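Thanks for asking me to look this one over.

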Amino acid sequence: MADRPWHRSLIKSGVRLFLGGSLAHVQDWFPGLSIVRSQSISEVHYRGAKVASLAGMDRLRERCGDAIYIVGSGPSIRGCDLSGLEVRSAILLNGAIGLTGEPIAEPLAIAVEDERFVWRHIDLLRKKVAPGSLCLFSVAVLRALCEIDKSWLADKTIILIDDIRKPYGARRRSLEDLKTLQYVRLDAGGSAGFSLSPDRGVFLGGSVAVSALQFALYCAQHQVGFLGIDISNAGEPRFYETVGDMAFSGIARAEGRIIEHLVLARQVATERGVSFVNYSPISALLKYDFGYDDRFAMKSTA
């Protein structure tokens, strides 16, 4: 299936034309999706009918242990032995969902924020995401899932990835707006941010790993690990792709943006006594002093 249906491209252009840049992100939920939140309920509706309930951060925190691993689909994951991961410790990003069952018996959660992944890999989601799974989904992903099969969401536990810069139901926030939020940390230039309260929104930073990290650090007690977060070799096939069948990746182009968000997050982690550990031997993280731990390196049988 194509990365995005042609009608979504038309809607994206039309919304920007009629509503302007500050409300261009309305295309994420238009048409049909609405998120209903009050003191008593938090639900996802599509075309007027409830399709799912939204869970809070406590559902993630109560499931996890001392360490949380953010597992991406970078090519290096092929060289990792993931059988040693603790049960319910891994947040699987995008195509890493395919690791569910074997070698990762039960992940902590899955995370998808780009709707293009949904359009291209809906069969993978249907196959690998079991009822009751904890899912971190963006507004656009929820709408795309509803367009394809709204009933699929009913038995999943969903936590919303809401873009703090372009929040659901509101205008785009300016840098000055962000500075007034007490649960926000910004770097010196204001180009990278970190949310101390992911329930109220997270900073999107060029990769779903950035969003997942804000959720992970909210919950982690001692360590956040990175597996398959390669970034630097994004032009190569992901571990589940082949040379002849690859989806476009903007990760390498977004390296600077991704890294500045991760470096800021590392500062927050240090203040909390949480360490970051990189388990990918070929990651761009190596260039920014994230180091390398070979704990999950596949042992040679020679």
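1. Let's start with a quick one: in which strand is Y69 found? Y69 is in strand 4, which covers residues 67-71; a strand here is a DSSP run (E) of at least two residues, numbered from the N terminus.

2. Before going further, keep in mind that this is a predicted model, where local features need pLDDT of at least 70, side-chain atom pairs count only at pLDDT 80 or more, and totals for chains, interfaces and linings use all residues. Residues are numbered from 1 along each chain as its sequence is written, and side-chain values use heavy atoms, with hydrogens and water left out.

3. Back to Y69: its relative accessible area is 1%, so Y69 is buried (buried means under 20%, exposed over 50%, partly exposed in between, with a 1.4 Å probe and protein chains only). Y69 and S191 are 122 residues apart in sequence, and their C-alpha atoms are 26 Å apart in space.

4. Now have a look at S195, which sits in strand 10 (residues 193-195). S195 counts as buried because its relative accessible area is 1%. Its side chain reaches the backbone oxygen of G201 at 2.7 Å. A polar atom of the S195 side chain also lies 3.2 Å from the backbone oxygen of S197.

5. Finally, check R172, in the loop between strand 8 (157-161) and helix 5 (175-179); a helix is a DSSP run (H or I) of at least four residues. R172 has 44% relative accessibility, so R172 counts as partly exposed.

Key: Polar contact = N/O pair within 3.5 Å; in protein donor to acceptor, adjacent residues only side chain to side chain.
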